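Here are my notes for you, one point at a time. Keep the structure open beside them and look up each residue as you read.

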Amino acid sequence: MIKKLIQVYRKKTKKTTFTKKWVNRLLWFGVSWVYLSFVLAFMGRENIAEAISVTGITEIIAVSLGYFIKSVVETDKEEKMKYRRDSNNVPRSDENVT
């Protein structure tokens, strides 16, 4: 019973891809830079804190924007392939054709 539940759970969950892992890491680095800039500003290092926070915000925006564009392009290509396949009645590669 438990093995079946685990198998169902594994099938439903999406696997984390290489890109998602790195985007997640880079976003955490950017967020940590921004928080560390607040610590530096509290310690009296306003100039360094401002430079680090600008760099952190730029990294967060750049990584997010790049990933969003990649996702939109991939989704668009998948939808076009699905439309072409459905309009031509071509079986999918994962279907068993007998």
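1. Start with serine 37, which is buried, its relative accessible area being 4%. Here buried means under 20% relative accessible area, exposed means over 50%, and partly exposed lies in between (1.4 Å probe, protein chains only). Serine 37 sits in helix 2. If its neighbours within four places in sequence are left aside, serine 37 is in contact with Ala49, Ile52 and Ser53; contact means heavy atoms within 4.5 Å.

2. A word on where this comes from: the model is predicted, so local features need pLDDT of at least 70 and side-chain atom pairs count only at pLDDT 80 or more, while totals for chains, interfaces and linings use all residues. Residues are numbered from 1 along each chain as its sequence is written, and side-chain values use heavy atoms, with hydrogens and water left out.

3. Now follow helix 2 itself, residues 18-42. Its 25 residues reach 37 Å from first C-alpha to last, close to the 36 Å expected at 1.5 Å a residue (the expected span is 1.5 Å times one less than the number of residues). Which residues of helix 2 are buried? They are Val23, Gly30, Val34 and Ser37, and their cover includes helix 3 (46-88). Just after helix 2, glycine 44 takes a positive phi of about 100°.

4. Step back to the whole protein chain: it has three helices and zero strands. Helices (H or I, at least four residues) and strands (E, at least two) are DSSP runs, numbered from the N terminus. Of the 98 residues in the protein chain, 11% are buried.

5. How many salt bridges does the structure hold? There are two, a salt bridge being a side-chain nitrogen of Lys or Arg within 4 Å of a carboxyl oxygen of Asp or Glu. One joins glutamate 74 to lysine 70, with the closest N and O atoms 3.3 Å apart. The other joins aspartate 76 and lysine 80 at 3.6 Å, N to O. Each pair lies in helix 3, four residues apart, about one turn of the helix. An α-helix has 3.6 residues a turn, so residues three or four places apart point the same way. Glutamate 74 is partly exposed at 40% relative accessible area, and lysine 70 is partly exposed at 29%.

6. Finally, look at arginine 25, which lies over the face of tryptophan 22, 4.9 Å from the ring centre. A charge sits over a ring if NZ of Lys or CZ of Arg is within 6 Å of the ring centre and within 35 degrees of the ring normal.
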